[in-house]
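Have the sequence and the 3D view open as you read.

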Amino acid sequence: MKILIVEDEPLAAERLETLIREYLPEVDVAGPFDSIRQTVAWLKKNGAPELGFFDIQLADGLSFEIFEQADVSCPVIFTTAFDEYALKAFKVNSIDYLLKPIDKKELFSALEKYERLFKQQDKQGSVSTEAIDQIYHMMTRNYRNRFLIRVGEHLRPLNTTNVVYFYSQQRATFVLTQEGKSYDLDFTLDQLEQELDPKQFFRVNRGALVSLDAIRDVLIYSGNRLRLKLAKEPDEPVLVSREKVSSFKKWLEGGNS
């Protein structure tokens with residue numbers, strides 16, 4: 001079995017290959033290749049392998065460009081530091097993804113999925129073009145970095161760098177600034193979650209969307225929750241809900257950068 005590794009971080013590539021060989025001792029590994037150019041050249045010369053591991057962000061662009069320049073007629077497991085929230089909708093039979101740093105159990109699960117869907121059926125499955133287009137759009141989209149707020153009879157721009165957090169209260173949405181002032185917004189938190197860069201803002205619970213730059217401390221709180229100390233303390237404590245704790249920790253570690 002031949003596996004192609006496309007990864008521009010040497011340590012990440014080394015760890016990935018080590019784990020793959022632990023699961024598949026007899027595997028033939030091609031690469032790692034650290035660029036679109038190298039990968040396309042190899043594919044054109046050798047054809048598609050049985051399976052590919054593609055890092056999404058490479059030194060010379062996004063690995064989705066490989067699909068435009070070469071025939072990738074094999075299943076691909078993407079590796080990425082991009083956040084799980086943005087990619088979970090694109091986990092389909094012909095595509096999988098692993099968040100960095102690569103977890104051994106998750107890697108083995110992805111390989112088991114490959115064997116179940118493709119290897120045992122003696123067939124190949126190409127990556128969905130629609131899925132690639134959607135993820136490419138997600139990776140390259142421009143997120144909102146400014147809002148227009150009303151101050152008395154005036155309208156003023158508010159940069160997201162000046163935001164502590166967004167919160168909902170009595171069916172309305174507000175923003176708390178670094179100066180400790182609150183303004184109402186004509187957005188729901190659901191809308192803001194889609195508009196804002198997920199690297200910088202995280203929905204910690206149903207009623208709060210927090211800026212990474214505003215977090216000053218994280219405290220263990222009752223009921224398996226976390227309490228956040230922010231640059232400007234709001235009237236009510238900002239808590240990370242139980243179901244969000246795990247993904248919040250990954251986000252803090254840079255799991256979506």
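## A question to start

Does R203 count as buried, partly exposed or exposed: which is it? With a relative accessibility of 11%, R203 counts as buried, where buried means under 20% relative accessible area, exposed means over 50%, and partly exposed is in between (1.4 Å probe, protein chains only).

Before going on, a word on what you're looking at. This is a predicted model, in which local features need pLDDT of at least 70 and side-chain atom pairs count only at pLDDT 80 or more, while totals for chains, interfaces and linings use all residues. Residues are numbered from 1 along each chain as its sequence is written, and side-chain values use heavy atoms, with hydrogens and water left out.

## Salt bridges

There are seven salt bridges in the structure; the term stands for a side-chain nitrogen of Lys or Arg within 4 Å of a carboxyl oxygen of Asp or Glu. R203 makes one of them with D190, at 3.0 Å from N to O. R203 sits in strand β13 (residues 201–205) and D190 in helix α7 (residues 189–195), so this pair ties together parts that are 13 residues apart in sequence. Shared partners join D190, E193 and R203 into one network of salt bridges. Helices (H or I, at least four residues) and strands (E, at least two) are DSSP runs, numbered from the N terminus.

Now for helix α1 (residues 10–23): E17 and R21 both lie there, four residues apart, about one turn of the helix. Their side chains meet in a salt bridge of 3.0 Å, N to O, and R21 is partly exposed at 32%. E22 pairs with K104, with 2.5 Å between the closest N and O atoms. Since E22 belongs to helix α1 and K104 to helix α5 (residues 104–119), the pair ties together parts that are 82 residues apart in sequence. E22 is partly exposed at 44%, and K104 is partly exposed at 34%.

## The five-stranded sheet

Five strands form an open sheet in the order β12-β11-β10-β14-β13, paired antiparallel; two strands pair if DSSP finds at least two bridges between them. Why is one side of β12 and of β13 left without a neighbour in the sheet? β12 (182–185) and β13 stand at the edges, and each has a single partner strand.

Inside the sheet, β10 (residues 163–169) and β11 (residues 172–177) run antiparallel and are joined by six bridges. Here S168 stands opposite T173 in β11.
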